[in-house]
Amino acid sequence: MGSMFRSEEVALVQLLLPTAAAYTCVSQLGELGVVEFRDLNASVSAFQRRFVVDVRRCEELEKTFTFLREEVQRAGLTLPPPEGTLPAPPPRDLLRIQEETDRLAQELRDVRGNQQALRAQLHQLQLNSAVLGQSHSPTPMAAAHSEGPSSERTPLLPATGGPHADLKVNFVAGAIEPYKAAALERLLWRACRGFLIASFRETEGQLEDPVTGEPATWMTFVISYWGEQIGQKIRKITDCFHCHVFPYLEQEEARLGALHQLQQQSQELQEVLGETERFLSQVLGRVQQLLPPGQVQIRKMKAVYLALNQCSVSSTHKCLIAEVWCATRDLPTLQQALQDGSSEAGVSAVAHRIPCRDMPPTLIRTNRFTASFQGIVDAYGVGRYQEVNPAPYTIITFPFLFAVMFGDVGHGLLMFLFALAMVLAEDRPAVKGAQNEIWQTFFGGRYLLLLMGLFSVYTGFIYNECFSRAATIFPSGWSVAAMANQSGWSDKYLSQHPVLTLNPNITGVFLGPYPFGIDPIWSLATNHLSFLNSFKMKMSVILGVTHMAFGVFLSIFNHLHFGQAHRLLLETLPELIFLLGLFGYLVFLIVYKWLQAWAASPSSAPSILIHFINMFLFSQSPTNPTLFYRQEVVQYVLVVLALATVPVLLLGTPLYLLRKHHRRNTLRRPAGPQGKDSDKLLASHDASTSENSWSPDEEKAGSPGDDEEAEFVPSEIFMHQAIHTIEFCLGCISNTASYLRLWALSLAHAQLSEVLWAMVMRIGLGMSRDIGVAAVVLVPVFAAFAVMTVAILLVMEGLSAFLHALRLHWVEFQNKFYSGTGYKLSPFTFIVDNE
């Protein structure tokens with residue numbers, strides 16, 4: 001939690017890794033995950049780097065692993081997770097792993113090939129048996145395509161006698177897929193002109209497909225024909241349809257003998273196939289043992305070689321030079337890891353800090369609770385190095401602003417219980433491993449939802465709303481009995497006035513403010529909405545100005561940390577005067593008016609809005625009385641102060657930076673021979689000091705390193721400050737108005753809850769006075785009310801309030817002090833974060 005308020009200090013470290021120990025040292029760093037490698041070979045092609053051959057070998061192994069994993073999944077098996085933490089294997093083990101993996105893959109290919117061949121052979125035997133085993137009654141093709149009943153179909157055969165009398169009848173038998181049978185039959189009829197007799201019949205049982213393994217039905221056929229030419233046509237047609245053709249014996253005894261022989265061959269082939277499958281299961285078992293640890297080790301080895309490819313080679317070729325970003329607090333761990341990694345090689349790796357002009361990466365350590373809040377901030381932009389991190393404050397302000405728009409005890413309690421269930425079950429593997437994207441989104445923000453629900457319960461008690469109904473926790477501060485006893489409420493008056501007014505000026509009618517939240521009697525009042533309008537609108541202005549002022553106040557810590565004291569006087573102080581002098585004064589008027597008693601003379605209560613408008617117009621309204629003595633003078637002074645801060649914001653920082661730049665140039669100007677010598681010393685001193693850590697002032701001035709004089713452009717400084725001033729001054733107005741969304745969405749949520757209750761539950765409760773009938777009716781009514789409450793009020797309204805709270809933090813709050821122009825520290829690590 002120490003780095004939550006500001007990113008950790010990160011140092012640039014140069015590593016001198018001996019060639020013999022470089023692989024081991026980088027592997028140790030990958031296990032720790034504390035450093036980020038800088039690419040020192042950015043100008044070198046990936047194919048020209050030193051360890052490209054090793055990377056390719058690892059990639060080839062990964063392809064083999066992919067083949068093995070697919071084969072395991074094809075067999076319906078699962079891969080167990082690797083046991084324990086496996087280190088990256090030493091380079092000498094790569095050849096052994098590759099040979100063992102290739103041998104297993106080749107065995108698997110051979111066994112799979114043999115299995116496929118045996119299944120195909122068995123399938124052929126089964127089809128042949130099906131053809132010989134079924135009794136076919138030949139049907140003449142001509143009759144099959146003629147009209148009339150089947151009993152009248154007659155074959156069109158050549159006339160007896162003459163040259164056709166001695167023709168021999170031949171047969172073609174085989175099997176075909178059912179969806180091709182009709183097309184084959186039509187084509188045979190058209191090509192052979194009916195000079196054949198064919199019979200098609202489905203197999204009695206389904207045969208297993210040798211490729212897919214799924215059962216399928218086949219059609220067997222027997223075709224008798226006369227003449228060699230027709231036989232050639234039939235064979236060509238069956239080949240085009242990829243039919244399985246088998247020899248067909250005319251004698252039934254010969255067919256039965258061949259069928260018996262085929263059944264024996266099928267039985268023997270099934271035994272061989274069973275042995276093959278048992279051997280395949282043994283090979284897959286060895287794959288299951290080898291694959292999980294092998295995948296992890298090769299993946300780590302590849303990552304190590306990719307990291308080594310980012311290192312440069314020294315001129316002596318005896319060590320590798322690497323530059324890494326590392327948190328200062330992790331430097332002892334880094335040094336210890338290098339010592340452990342290089343101890344076996346007999347040489348020691350060296351690590352030392354070096355200066356850098358580049359902006360270091362941002363490192364903010366999070367845990368389960370703070371990760372979702374840090375994610376909200378990082379979605380806007382990763383913070384610059386060591387600037388104030390908004391995430392710790394977002395932990396409180398984000399759920400609270402959400403709850404202001406979503407305030408309801410019932411809805412907040414449902415959200416809280418849902419988040420609490422996820423928090424209590426967060427360590428269960430089934431919950432963490434769910435692949436549903438929507439569930440992963442909710443589960444990742446479970447602690448955020450927990451606080452949002454808890455704060456919504458609190459604001460719901462403030463609004464005194466629970467599913468749009470008010471609860472009487474304490475006695476009401478209004479007494480109707482006192483009003484009835486001390487006023488002229490007669491029966492005639494009551495009959496003529498359906499709406500009665502409680503007068504707080506009558507003794508005993510108003511007993512005092514409600515102890516906590518809004519008095520439940522307001523839920524019965526006809527001016528309930530008007531009362532809440534005024535209350536929530538002013539509350540939104542107060543919260544908005546407070547939130548923005550807090551953002552401006554946080555910029556003080558940025559300026560103090562980066563040594564920019566001039567920005568405290570030239571930016572932060574004028575911004576606070578401008579914001580608090582105008583809108584802070586508006587908050588003061590709201591609170592001051594709340595503290596005054598206007599019940600005795602409500603018509604004389606002044607209008608804050610008119611006062612605020614007159615403040616800018618330097619005028620006063622005779623009909624609008626002042627709130628306190630000399631109010632006009634105070635308003636005029638505040639407006640003049642606010643206007644006076646504009647030129648300070650506009651010109652203060654640019655003039656200061658310009659004067660500082662001219663003074664630096666004057667000190668560097670040479671003066672004679674002695675001046676040259678002193679300039680050399682000064683230049684060497686500047687060279688040493690200019691290589692210190694990154695400075696945000698120089699980044700804004702556009703002066704990277706030694707090119708400061710050439711890169712300093714005053715026009716850009718003035719333009720940047722003008723944009724900042726205009727954005728802040730106009731933003732104070734627009735941002736304050738933007739916080740009125742708290743008022744609008746709070747009223748919208750309350751009215752949606754009221755409409756849902758009135759249109760569903762109230763109608764269901766008033767349907768019948770019989771308890772039995774009412775119980776039966778209320779079941780579907782309550783089910784509809786619950787579904788619509790979850791779908792509309794919890795999901796849709798909750799998403800709307802979440803997005804508006806997100807906008808208030810990104811635009812109205814964070815732009816006062818947070819730039820979000822940094823980049824995250826991406827450590828080289830083997831650790832997979834499952835959170």
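Mentor: On a 1 Å grid over the protein atoms alone, a cavity is a set of points where a 1.4 Å probe fits but cannot get out, and a pocket is an open set with protein on both sides within 12 Å along at least five of seven lines; lining residues have an atom within 4 Å of a point. This is a predicted model, where local features need pLDDT of at least 70 and side-chain atom pairs count only at pLDDT 80 or more, while totals for chains, interfaces and linings use all residues. Residues are numbered from 1 along each chain as its sequence is written, and side-chain values use heavy atoms, with hydrogens and water left out.

Trainee: Which residues line the second largest cavity?

Mentor: Look for Phe461, Asn464, Ala471, Ile473, Phe474, Tyr514 and Phe516. That cavity holds about 30 Å³ of space, where a volume is the space filled by probe spheres set on the points, and points are joined across faces, edges and corners. Its lining has six nonpolar residues, one polar and no charged. Here Ala, Val, Leu, Ile, Met, Phe, Trp, Tyr, Cys and Pro count as nonpolar, Asp, Glu, Lys and Arg as charged, and the others, Gly among them, as polar.

Trainee: And what volume does the largest cavity have?

Mentor: About 50 Å³. Thirteen is the count to remember for its lining: 13 residues, with Thr362, Ile364, Gly383, Asn389 and Tyr818 nearest the centre.

Trainee: How many residues line the largest pocket?

Mentor: There are 38, and Trp478, Pro504, Phe510, Trp522 and Phe531 lie nearest its centre. Two elements give two or more residues to this lining, α17 (528–561) and α18 (565–595). The pocket's volume is about 1,800 Å³, and its lining divides into 27 nonpolar, eight polar and three charged residues.

Trainee: What about helices and strands?

Mentor: Helices (H or I, at least four residues) and strands (E, at least two) are DSSP runs, numbered from the N terminus. Helix α11 covers residues 409–424 and reaches 22 Å from its first C-alpha to its last.

Trainee: Which strands pair with β4?

Mentor: Strands pair if DSSP finds at least two bridges between them. Strand β4 (residues 169–176) pairs with β8 (residues 219–226) in the antiparallel sense over eight bridges, and Val172 has Ile223 as its bridge partner. β4 also pairs antiparallel with β9 (residues 244–246) over three bridges, where Ala173 stands opposite Phe246.

Methods: The expected span of a helix is 1.5 Å times one less than its number of residues.
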